Amino acid sequence: MGIPVKGSRKLDFQGHSYRYLIRMGDARFTKGRPKLASGCRVVTAQRVGPEGKPTGQVLQATVYAKAWYEIRPGEDFDDEATLTPMDVKHIVNAALILGWDPKGKGVYPLTKGIDLPEWESSAAS
């Protein structure tokens, strides 16, 4: 399993190159009134090997926007939250500190331990 080069972005961090993708995840919603929603992103990253292709253990980090938006009856949640390349660098750094082994195998899910100015890893509302 590897991240495709096409459609992914390159990130240079601490002397290594990575490829990453950002996808929308399931938004989180509050219970009760007013109904509020917060966006979600799933960042998938993998170190680039000597052949220029992603190799090793895949990082899969789930983060939620700290901003909450009111959902009015009959309206959809327009999720416009964005992650910057600097945010992705912070996520990669946190993953390395928390035990991600880019040389390993399989997938390393990261759902806790990320706290950025506009994003957090806790799904609790």
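First, the conventions. Residues are numbered from 1 along each chain as its sequence is written, and side-chain values use heavy atoms, with hydrogens and water left out. Since the model is predicted, local features need pLDDT of at least 70 and side-chain atom pairs count only at pLDDT 80 or more, while totals for chains, interfaces and linings use all residues.

I start with the strands. Helices (H or I, at least four residues) and strands (E, at least two) are DSSP runs, numbered from the N terminus. Two strands pair if DSSP finds at least two bridges between them.

Strand S1, residues 9-13, pairs with S2 in the antiparallel sense, over 5 bridges. Phe-13 stands opposite His-16 in S2. The hairpin of S1 and S2 has 2 residues between the strands. What is the phi of Gln-14, which is not a glycine? It is positive, about 50°. Gln-14 sits in the loop between S1 and S2 and counts as exposed, at 56% relative accessibility. For accessibility I use a 1.4 Å probe and protein chains only: buried means under 20% relative accessible area, exposed over 50%, and partly exposed in between.

S2 is also joined to strand S5, residues 40-47, by 7 bridges, and these two strands run antiparallel. In S5, Ala-45 is the bridge partner of Tyr-20.

Next, an open sheet. It is formed by 3 strands in the order S3-S4-S7, with antiparallel pairing. Strand S3 (28-29) and strand S7 (69-70) stand at the edges with a single partner strand each, so one side of each is left without a neighbour in the sheet. Strand S4, residues 36-38, pairs with S7 over 2 bridges, and Leu-36 stands opposite Glu-70 in S7.

Strand S3 contains Arg-28. Is Arg-28 buried or exposed? Arg-28 counts as buried, at 5% relative accessibility. Its side chain makes a polar contact with the side chain of Glu-120, at 2.7 Å. A polar atom of the Arg-28 side chain also lies 2.9 Å from the backbone oxygen of Ala-65. A polar contact here is a pair of N or O atoms within 3.5 Å; within protein, one must be able to donate a hydrogen and the other to accept it, and residues adjacent in sequence count only if both atoms are side-chain atoms.

Now the aromatic rings. A pair of them is described by the distance of the centres and the angle of the planes. Rings of Phe, Tyr and Trp (its six-membered ring) pair if their centres lie within 6.5 Å; planes under 30 degrees apart count as stacked, over 60 as edge-to-face and the rest as tilted. By this rule the count is 1 aromatic pair. Tyr-18 and Trp-100 form it, tilted, with 5.8 Å centre to centre and 40° between the planes. Tyr-18 lies in strand S2 (residues 16-24) and Trp-100 in the loop between helix H1 (85-97) and strand S8 (107-110), so the pair ties together parts that are 82 residues apart in sequence. Both Tyr-18 and Trp-100 are buried.

Last, Pro-102, in the loop between H1 and S8. Pro-102 is buried, with a relative accessible area of 7%. Which residues is Pro-102 in contact with, leaving aside neighbours within four places in sequence? They are Tyr-18, Arg-47, Thr-55, Gly-56, Gln-57 and Leu-96, where contact means heavy atoms within 4.5 Å. Thr-55 and Pro-102 are 47 residues apart in sequence and 8.0 Å apart in space, C-alpha to C-alpha.
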